[in-house]
Amino acid sequence: SAIFNFQSLLTVILLLICTCAYVRSLAPSFLDKNKTGLWGIFWKCARIGERKSPYVAVCCVMMAFSILFVQ
């Protein structure tokens, strides 16, 4: 049902990026060996989380504020 609600879709994408970056910080070899195919999506999300971390953090704070106070 997150596909039909834009805010839910953004929340899922942000959680995916943050989770992949966290998993890569714990076990970098797990995601680095899977750079292509379906598992490559998780590697790309981890790279986005690492390289754009200030922007991802701001988006997470804005999403949290939106979920907690606006809805």
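Reader: At what angle do helix α1 (residues 6-26) and α4 pack, and how far apart are their axes?

Author: Two packed helices are described by the angle between their axes and the distance between the axes. Here α1 and α4 pack at about 140 degrees, axes 11 Å apart. That makes α1 oblique to α4, because angles under 35 degrees count as roughly parallel, over 145 as roughly antiparallel, 65 to 115 as roughly perpendicular and the rest as oblique. Axes are lines fitted to C-alpha atoms over the stretch in contact, and angles run from 0 to 180 degrees between N-to-C directions.

By the way, this is a predicted model: local features need pLDDT of at least 70, side-chain atom pairs count only at pLDDT 80 or more, and totals for chains, interfaces and linings use all residues. Residues are numbered from 1 along each chain as its sequence is written, and side-chain values use heavy atoms, with hydrogens and water left out.

Reader: Which residues in α1 and α4 meet?

Author: Contact means heavy atoms within 4.5 Å. On the α1 side you get Q7, L10, T11, L14, I17 and C18; they meet V56, C59, C60, M63, S66 and I67 of α4.

Reader: What joins the side chains of S66 and Q7?

Author: A polar contact of 2.9 Å, meaning a pair of N or O atoms within 3.5 Å, one able to donate a hydrogen and the other to accept it; residues adjacent in sequence count only if both atoms are side-chain atoms. S66 sits in α4, residues 53-70. Leaving out residues up to four places away in sequence, S66 touches Q7 and Q71.

How values were computed:
Helix = DSSP H or I, 4+ residues; strand = E, 2+ residues; numbered from the N terminus.
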